[in-house]
Amino acid sequence: EVLDAYEVGLKTELFDRRLRLNASTFLYKYKDIQLDNFQGGTLQIINAARATIKGAEIEFDARPVRNLSIQGGLTFLDGQYDSFPNAPRYVQRPVGGNTQSSADATGERTVRTPKFAASLSAIYTVPTSVGDVAFAASLAHNSGYDFYVLSNTHQNAFDVVNASIKWTSTNGKFDVKLWAKNLFDERY
C-alpha cells in the first residue's frame with residue numbers, strides 16, 4: 001500500500017489551559033490498497049487499486065471546574081474507491097451462505113469508514129483522606145460502515161456507554177477500579 005496524506009489543523013490551549021481544542025482536515029490518497037477477502041473459507045489479500053478518503057476531526061479536553069475533566073471528539077469521513085474494477089461481490093443466497101462474483105466498485109464507499117463518529121467522556125475526582133475516588137463515564141457513537149465491498153455485511157449505527165469508579169491511595173501506589181463496558185448491552 002502507498003498512502004499520500006495531507007493534513008492541516010489547529011491546536012490550541014485556551015482559558016489558562018482549561019480548554020484544549022484541536023481541529024484538522026485531511027485528505028488521504030491510497031494506491032494499491034490491500035483488503036481481506038474470504039474465498040471458499042480461506043482468507044486472501046486482494047488489491048483494491050485506489051481510493052480517496054477526506055475528513056475532518058474536532059477534539060476537546062476541558063477542565064471547567066476543579067476535579068472535573070470532560071473530553072470529546074467528532075470525526076467526519078468521506079471515503080470512496082477511485083478505482084476497483086474487480087471487487088469481490090457477495091450476494092446472500094435464500095438458503096443461507098453467499099455467492100461470490102466480481103463487479104466494479106469504483107465510486108463505492110471504502111470499507112470500515114463510518115460517515116460520522118463521536119465520543120464524549122467525563123471524569124470527576126473526589127479527594128478524600130484515604131485517597132481519591134474518580135467517577136468516569138463515556139459515550140461513543142459510530143454511524144456504521146460496511147465490512148466488505150459490495151456485500152451484505154454492514155454494521156449499523158451503534159452507541160456504547162462505559163462507566164467506572166476508581167479509588168487511588170493517597171501515596172498513588174495502589175488503586176482499585178470497578179468498571180462496566182457496554183453498560184446498556186448494545187449489540188454491534
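Where is Asp-185 found? These legends take that up in the last view. This is a predicted model, in which local features need pLDDT of at least 70, side-chain atom pairs count only at pLDDT 80 or more, and totals for chains, interfaces and linings use all residues. Residues are numbered from 1 along each chain as its sequence is written, and side-chain values use heavy atoms, with hydrogens and water left out.

**View 1. An open sheet of 8 strands.** The order here is E1-E2-E5-E6-E9-E10-E13-E14, with antiparallel pairing. Strands are DSSP runs (E, at least two residues), numbered from the N terminus, and two of them pair if DSSP finds at least two bridges between them. At the edges sit strand E1 (2-14) and E14, each pairing on one side only. On average, neighbouring strands of this sheet are turned by 10° against each other, direction ignored; the axes behind that angle are lines fitted to C-alpha atoms, and angles run from 0 to 180 degrees between N-to-C directions.

**View 2. Strands E10 and E13 side by side.** E10 (residues 131-142) pairs with E13 (residues 158-168) in the antiparallel sense over 11 bridges. Look for Ser-138, whose bridge partner in E13 is Asn-162.

**View 3. The E3–E4 hairpin.** Antiparallel strands E3 (residues 34-39) and E4 (residues 42-47) are joined by 6 bridges. The hairpin has 2 residues between its strands, and Gly-40 in the turn has a positive phi of about 60°.

**View 4. Asp-185, a residue with positive phi.** Asp-185 is found in the segment after strand E14 (175-180). Its phi is near 55°, a positive value in a residue other than glycine. At 46% relative accessible area, Asp-185 is partly exposed (between buried, under 20%, and exposed, over 50%, with a 1.4 Å probe and protein chains only).

How values were computed:
Helix = DSSP H or I, 4+ residues; strand = E, 2+ residues; numbered from the N terminus.
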